[in-house]
Amino acid sequence: MQLLRAPAAAALVACASLSPAFAQTSPPAPEAAASAPPRPARPQRPAAKPDDAKAAEQLKRVEVYGRASDESMRRASTASKIIITREEIDRYGDSTLGEVIKRLPGVTTGGRPGRGGEIRMRGMGGGYTQILVNGERMPPGFSLDQLPPDQVERIEVLRAPTAEYGARAIAGTINIVLREALQKHDNDLRLQLSEERGKLRPNLGWTRNDKFGQTGAYNITLNATRNERIDDFNNTSTTHLLATGEDNTTVNHGRSNSANESLNLNARVQWREPGGDSFALQPFIVINRSSGNNAFDQTQSACSGDPASQIRCLNYDHADTESRNHSAMGRLHGQWQHRISDSTRLELRGALGRMDGHGHSHREERQDGVLFRSQDDTTDNRHDSWSMAAKLSHQMGNEHSLVGGLEAEGQDLDQTRVTLQNGHPLPALQDFGDNLSASTQRYAYYAQDEWSVGKQWGFYAGLRGETIATASSSAGNPVNNRSSVWTPLLHAVWKLGENSRDQVRASLTRSYRSPNLQDMIARPSINSQYACPDNAPCGANVINYADRMGNPDLKPEVARGLELAYENYLSLGGILSVNAFYRRIQDLIRVEPELETVSWASVPRWVARPRNIGDATTYGVELEAKFRLDQFLPGALPVNIRSNLSLFRSHVNQIPGPHNTLDQQPRGTANLGFDYRLRSLPLTLGGNLNYTPAYEIQQTELQLTDLDKKRVADAFALWTFSPTLALRVSAANLAPLDYFTGSVITTNTAVITSRSGGPSYTQWQMRLEMKL
């Protein structure tokens, strides 16, 4: 079973759609001609004039382009895969990719409703989901929120890892495929204006696709945007001392204002030779500039002047923070494909990238209007990256498709951080220095075989090995970590009949999650709520205001996985599917606070750092239904329905129950969407409801965390004036809810209850789409 069968099938469908025209000009069969009655003679047409004959020869050129549907590509894949095409990406006019992907089965996002955030498959956060762009991992510091949906050709979601895409995907893989260069002419302009809380967000998008010469084509996509946001927040923390029964409640309430300007450029230049060879270059540029200010007031119900007390008096009642950041990222990707023979192909890829960033923040804390403390943090980063890959593919005559590959990538980080308190360096941090240099190298090698047995069975077997080496040089705490993981992978698909639309999938995999660079760098970050004096070591802090530090001894998490799925592809388009998964995770990483003796304090302080704590298990089921309503309800309107329901369960062995689940994993998520094109008007209407229930997580033996429910309702209307002009109006996060997170920390001396968050808001959007 070949992954390329779907595009081939689309080409056959496109040709078949032209067959009636050819049939009208074909001569009749001999039998039909013999049996047909004689037709009356028609008067002869006058002979064509020379000018008419010349005009007839100048036939108008018509170009027909066809693409495989998302269902056909999904059906043809041996490994479980979901495809999101341009039509689905554009449907709601989303401003971030996170808002697009959140509607997929089993996908949730972090942060407030309607704000995108970290993408999590199966509710598993913190790096369990592998994010790729054109099949490659992007450098740390890059966020999918920096990639406008206009620049994306399609989104591929793999529920189980494959040898070619990599096995750092315990929850799954999301591969973002950028715009491709096609042999056709396109010139699209998109003008967009969004509004939230009175703040306008203009956006301009331009895409041009054309060909040059006989074999060349190019695509350019440019996006420029400006975002402004206002957020209100309220944080409350109550400390109850078990020995005395005293209570102290600290309340923070304030507002943050932020502005962001970005310029994104993605281009692809491609040459295809008649012999099957091709060469492509793809530059990718992102420029960001942001600013923000944050102000809040702080009150306490009771406190103690004892520095060692857990309810000691805070030193300020008002704080202001201003920040300025800018960054620029450039990446050039090259790809060469060479046909060695009719059955053997070689592909070489390489990329170079650099990301520079500068950030500065200034914070002032005041008590009764008098400046108590100021802090300035300045950070400069330079992140260089490179990657190389080679893949050899060979199609055997017995339906086997063999692929082998080598990969190598490297990342180098140079960082300078300067922290000044009241204009002076912090003595507590002098042992760690201001400069940091770190590097990561990854080497991978894989082989896979994909084959079919008859017309009903397809199989995939792969083996991938990866070695990751991480090193950093910083004063006081150098890091040198090396790990290797082998991951065997098996996939199978069975069609219930040669012409059946039903099929069953199964996967048996081994995957892993490697600790990121920041988790391993042993460089402390001192909590500003319990800051250190100017010329003395730090004093004590409390567990809910812990310092943070990396752990150079982290080991990768390794998971064994099982997938079982049933899929039914509907005759009029659409799918009904059930997918069950299971993962057994070893060496689970979790951030835990512990009381430690540290060099920057004269007394032990609470320090939160990532640690390997033990084993965990997670399992669940994902239900999906995409169909047209009149397929099941005769006489109903042809409304397109997209719905999914996912249920998750997990258990961390070393943490007491009943809420000892994986970090950030809810018990489920649900999604229901529709769209309908009116017959009497060039108008398409649609809506979507996404829901994640509230849930609790036992983070550690001491801390229980709770998170509010999320309910996000979106709607859109698309008026198509002509094939070249359309207007889209949409609303995101209708009927917005407040969103809060909380925690209860229980130690042998106190119970600390905290809650933080604020309201979310509706975003209105108008977008004019033009084909020039």
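Glu466 and Arg464 form a salt bridge in this predicted model, with their closest N and O atoms 2.7 Å apart. Both partners are covered by protein: Glu466 is buried, with a relative accessible area of 4%, and Arg464 counts as buried at 2%. Elsewhere, salt bridges with shared partners link Arg86, Asp90, Asp150, Arg190, Arg728, Arg767 and Glu769 into one network.

Asp150 sits in the loop between strand 4 (129–133) and strand 5 (152–158), while Arg190 belongs to strand 7 (residues 186–196), so the pair ties together parts that are 40 residues apart in sequence. Asp150 and Arg190 are both buried.

A further pair has another setting. Arg208 forms a salt bridge with Asp210, where the closest N and O atoms are 3.5 Å apart. Arg208 counts as partly exposed because its relative accessibility is 21%, whereas Asp210, at 16%, counts as buried. Over the whole structure, the search finds 62 salt bridges.

How many cavities of 30 Å³ or more does a search of the whole structure find? The search finds 7. The second largest cavity holds about 240 Å³ of space. Its lining comprises 21 residues, and those closest to the centre are Ile84, Glu88, Leu104, Lys626 and Arg642. Which elements each supply at least two residues of this lining? They are helix 5 (70–76), strand 1 (81–84), strand 24 (605–628) and strand 25 (640–652). By residue class, the lining of the second largest cavity divides into 9 nonpolar, 4 polar and 8 charged residues.

Finally, the surface. A nonpolar patch of about 780 Å² is made by Val453, Trp457, Trp494, Leu496, Val504, Tyr566, Val578, Leu623, Leu645 and Leu647. One of these residues, Trp457, lies in strand 18 (residues 457–473). Trp457 has a relative accessible area of 37% and is therefore partly exposed; by comparison, residues count as exposed when that value is over 50%.

Conventions. Residues are numbered from 1 along each chain as its sequence is written. This is a predicted model: local features need pLDDT of at least 70, side-chain atom pairs count only at pLDDT 80 or more; totals for chains, interfaces and linings use all residues. Side-chain values use heavy atoms; hydrogens and water are left out. On a 1 Å grid over the protein atoms alone, a cavity is a set of points where a 1.4 Å probe fits but cannot get out, and a pocket is an open set with protein on both sides within 12 Å along at least five of seven lines; lining residues have an atom within 4 Å of a point. Grid points are joined across faces, edges and corners, and a volume is the space filled by probe spheres set on the points. Helices (H or I, at least four residues) and strands (E, at least two) are DSSP runs, numbered from the N terminus. Ala, Val, Leu, Ile, Met, Phe, Trp, Tyr, Cys and Pro count as nonpolar, Asp, Glu, Lys and Arg as charged, and the others, Gly among them, as polar. Patches are made of residues with over 30% relative accessible area and no salt bridge: like charges are joined within 9 Å, nonpolar side chains (Val, Leu, Ile, Met, Phe, Trp, Tyr) within 5 Å. Accessible areas come from the Shrake-Rupley method with a 1.4 Å probe; for residues, only the protein chains shown count as cover. A salt bridge is a side-chain nitrogen of Lys or Arg within 4 Å of a carboxyl oxygen of Asp or Glu. Buried means under 20% relative accessible area, exposed over 50%, partly exposed in between (1.4 Å probe, protein chains only).
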